[in-house]
Structures are given as C-alpha cells and as structure tokens.
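Here is a short briefing on a predicted model. It covers the sheet, the helices on it and the aromatic contacts.

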Amino acid sequence: MEHKSTVTLLGTRGSMPCSGKEYLRYGGRTSCILVQLAGETLLLDGGSGMAFLKPKSVPSRRLTLLLTHAHVDHLLGLPMCPLLTEKDMILDLYAATRDGRSGEQQVRALMQPPLWPVGPEALPAAIRFHELPASLDIGAVHVDTMPGVHPGGVTVYRVSGAGKSVVLATDCTFTENLLPILREFAKDCDLLLCDGQYSEEEWASRSSFGHNTWFAAAKLGQDCGAKQVRIIHHAPDRTDDELDAAADAVSARCPSCRFGYDEEVIAL
C-alpha cells in the first residue's frame, strides 16, 4: 500500500506560546511536528501544538513521541493532548536522560502538583516511556539521532522512510565543531526543520541561549542540500509582519527556504 508522506507543523513558536492579532499568520503554538511517513505516525516534540493534534490525524491506536529535550515549551502540550483521553490509545515516548533524570522523570517533574494536578498514570491512554537510543526503527521508519548544543542538552533527529527523510534541528547552536557533523547528518534530506529564532543583530547578545539566526538556518539548508527548508522556533515577540520581512530576506539568499507556520502541511 502506498502511503502519503507529509509533515504538519502543529507548533512553530519558541520559548513560550503567544497570542494576539500580530501572530495570526504564523501562529503562537510551541514546538510540535507531526510526521506521517511509511504508514507510521510520529510526533517530534510535545509543545503546545500537541494540544491541537486532531484524532483523525492518527489512524492507528499507537503514536510515537520523540522529544528533543524537556524544556517546558517543548513539553507543555502533552498533558492536554486530546488523544490521551482515549482509553485504547498507546503513546510510546522516547527521550534522552538529562541531568540524571530519565524521560519519565522529566515528564513527571512537569505533571505533578503544584505544577499540574495529576500524573501521567491518570490519563486514560497508556504512556510507555523509553530511553532514547542512538537509532531505532518504528515500523518501516528509521530514526537516527545525534547530540546538539543547547543548555541542558538536546537531540537532533533524522526520520527516514519510504525513500524520504526529515531532519529536525531545533534548539541547537551551530558551533564550529558541530557544523560539519550536522551537515553530514542532514545531507540531502527532503525537509530540514531548523531553529532560526534570532536576527543577526540580536545574535551578539543571545549567542549563549542555545539557538540560531535565520540566516544560519538557511545556510545549513543550502550546505546540506536539503530539498526544502522551514525555519521554525520563532521568537515569541516576533510579529507576523516582522517574520514576513525576515522571510523575504532569507528567501533572497536561499530560494528553497521558507518560514514555517502553525498548521502548515508539507508534502515530501
């Protein structure tokens, strides 16, 4: 059976959600990516976009969530995900150990009083926690990982199946040592999703925050030969008009590069 290969950007904002008339086109939900590939359904990150995951988007009763890291903007949609209110749903959650805490411990740190009234066990769905290996197979989908550079650590993902590949490199500063490894890791991917939270002018005072500039993201897309590039993890105070202006400047340098927006569906 032939399956459609698509990526849906459920959340493209970084650091914290935002709302208001200035954010209508790009949206204000934080990081969550729905990948439908080779008959499998995966989520990359569980930011507030995960709370808007439509049940019809997950045809089976099993869903895989791969966390880049557990900073709250990448996790806060998990407790409110509508699929987790269904008793026959199974969520396999993969996360790397951070600061001596397993993925389950990281999730429970958020989902417990006083931060949240109930733990994962209170949800009708079953959540199965797994330590993230260097690579794994989920049905016909193969997942490769590599460590990035971010306060507290982060994982970069390459998800491949049905002859297509998607790379997620968010919350990862492109250091001189990391860039050659990352270019090879993302080489010739069909879609690169890349953090580009800051302008060049902002970078001088924010270079230690664990992110990138949008021009750095576009250059990585060019250098690795990505067929499509979407810049994500937009700063929470960046308005639609400001993102439009930045997108025009970026596309002039990299025609295959666009700024992602909430609910965008990308065909691979």
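**Sheet and ring contacts**

In this predicted model, seven strands make an open, mixed sheet, ordered E7-E8-E9-E10-E11-E12-E13. Strands E7 (135-138) and E13 (257-259) are the edges: each has a single partner strand, so one side of each lacks a neighbour in the sheet. From one strand to the next, the twist averages 20°.

**Strand pairing**
- E10 (residues 164-169) and E11 (residues 191-195) pair in the parallel sense, over four bridges.
- Leu-168 has Leu-193 in E11 as its bridge partner.

**Helices on the sheet**
- Helix H2 (residues 178-185) lies across E8 (141-147), E9 (155-161) and E10, at about 175° to E8.
- Helix H5 (residues 240-253) packs on the sheet and touches E12 (228-232) and E13, with its direction at about 175° to that of E13.

**Aromatic pairs**
- The structure has two aromatic pairs.
- Tyr-198 and Phe-209 have ring centres 6.3 Å apart and planes at 70°, so this pair is edge-to-face.
- Tyr-198 is in the loop between E11 and H3 (200-206), and Phe-209 is in the loop between H3 and H4 (214-224), so the pair ties together parts 11 residues apart in sequence.
- Tyr-198 is buried at 7% relative accessibility, whereas Phe-209 is partly exposed at 41%.
- Trp-214 and Phe-259 have ring centres 6.1 Å apart and planes at 55°, so this pair is tilted.
- Trp-214 lies in H4 and Phe-259 in E13, so the pair ties together parts 45 residues apart in sequence.
- Trp-214 is buried at 9% relative accessibility, and Phe-259 is buried at 5%.

**Charges over rings**
- The charged end of Arg-29 sits over the Phe-52 ring, 3.9 Å from its centre.
- The charged end of Arg-253 sits over the Phe-215 ring, 3.7 Å from its centre.

Key
Residues are numbered from 1 along each chain as its sequence is written. This is a predicted model: local features need pLDDT of at least 70, side-chain atom pairs count only at pLDDT 80 or more; totals for chains, interfaces and linings use all residues. Side-chain values use heavy atoms; hydrogens and water are left out. Two strands pair if DSSP finds at least two bridges between them. Helices (H or I, at least four residues) and strands (E, at least two) are DSSP runs, numbered from the N terminus. Axes are lines fitted to C-alpha atoms, for helices over the stretch in contact, and angles run from 0 to 180 degrees between N-to-C directions. Contact means heavy atoms within 4.5 Å. Rings of Phe, Tyr and Trp (its six-membered ring) pair if their centres lie within 6.5 Å; planes under 30 degrees apart count as stacked, over 60 as edge-to-face and the rest as tilted. Buried means under 20% relative accessible area, exposed over 50%, partly exposed in between (1.4 Å probe, protein chains only). A charge sits over a ring if NZ of Lys or CZ of Arg is within 6 Å of the ring centre and within 35 degrees of the ring normal.
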